[in-house]
Amino acid sequence: QEQLVESGGGLVQPGGSLRLSCAASRTIFSIYAMGWYRQAPGKQRELVATITSGGSTNYVESVKGRFTISRDNAKNTVYLQMNSLKPEDTAVYYCYVRGRDDFWGQGTQVTVSS
């Protein structure tokens with residue numbers, strides 16, 4: 001099911017920032033942990049960050065200190081604030097719902113290049 005809508009990607013220079021948004025349903029946000037994963041050409045899918053319904057967060061080591069995940073349940077939206085972007089962050093970013101691979105969206109392209 002296409003139940004997720006990602007937005008906020010774009011082209012930025014190294015060191016720049018982007019804020020990604022994932023809009024979902026109230027039901028999803030009330031039940032599941034959420035997050036972001038990314039897929040770059042020639043690379044394995046990578047889970048970047050997660051956040052539970054209680055607000056606990058986890059990050060892959062490579063983005064710690066640069067990315068911040070948050071959620072606003074009133075808006076049924078999860079965010080990924082990305083600062084100090086590097087070319088290696090270039091990928092399509094997808095919203096993630098823990099334990100529900102059947103929930104998916106189109107993703108949003110993030111390109112970091114000079």
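A contact is a pair of heavy atoms within 4.5 Å. On that basis, residues 24 or more positions apart account for 55% of the contacts in the chain with a separation of 6 or more. The structure is a predicted model, in which local features need pLDDT of at least 70 and side-chain atom pairs count only at pLDDT 80 or more, while totals for chains, interfaces and linings use all residues. Residues are numbered from 1 along each chain as its sequence is written, and side-chain values use heavy atoms, with hydrogens and water left out.

**Overall architecture**

The chain has one helix and ten strands, taken as DSSP runs numbered from the N terminus (helices are H or I with at least four residues, strands are E with at least two). Along the sequence these elements follow the pattern β-β-β-α-β-β-β-β-β-β-β. The radius of gyration is 13 Å, close to the 13 Å that the globule rule gives for 114 residues, so the chain is as compact as a globular protein of that length. This radius is taken over C-alpha atoms, and the rule is 2.2 Å times the number of residues to the power 0.38. Along the principal axes, the C-alpha atoms fill a box of roughly 40 × 25 × 20 Å.

Of the 114 residues, 42% count as buried, a term that means under 20% relative accessible area, with exposed being over 50% and partly exposed in between (1.4 Å probe, protein chains only). The chain exposes about 6000 Å², of which carbon and sulfur atoms supply 45%.

**Aromatic pairs and charges over rings**

Rings of Phe, Tyr and Trp (its six-membered ring) pair if their centres lie within 6.5 Å; planes under 30 degrees apart are stacked, over 60 edge-to-face and the rest tilted. By this rule there are two aromatic pairs.

| Pair | Geometry | Centre to centre | Angle between planes |
|---|---|---|---|
| Tyr 32 and Phe 103 | edge-to-face | 6.3 Å | 90 degrees |
| Tyr 37 and Tyr 94 | stacked | 5.2 Å | 20 degrees |

Tyr 32 lies in the loop between helix H1 (26-31) and strand E4 (34-39), and Phe 103 in the loop between strand E9 (91-97) and strand E10 (108-112), so their pair ties together parts that are 71 residues apart in sequence. Both Tyr 32 and Phe 103 are buried. The pair of Tyr 37 in strand E4 and Tyr 94 in strand E9 also links distant parts of the chain, 57 residues apart. Tyr 37 is buried, with a relative accessible area of 13%.

A charge sits over a ring if NZ of Lys or CZ of Arg is within 6 Å of the ring centre and within 35 degrees of the ring normal. The charged end of Arg 45 sits over the ring of Tyr 37, 3.7 Å from its centre. Likewise, the charged end of Arg 19 sits over the ring of Tyr 79, 4.0 Å from its centre.

**The surroundings of Glu 6**

Glu 6 belongs to strand E1 (residues 5-7) and is buried, with a relative accessible area of 9%. Leaving aside residues up to four places away in sequence, Glu 6 touches several residues, among them Cys 22, Trp 36, Tyr 94, Cys 95 and Gln 106. A polar atom of the Glu 6 side chain lies 2.9 Å from the backbone nitrogen of Cys 95.

Notes: Polar contact = N/O pair within 3.5 Å; in protein donor to acceptor, adjacent residues only side chain to side chain. Areas by Shrake-Rupley, 256 points an atom, 1.4 Å probe, with all protein chains shown as cover.
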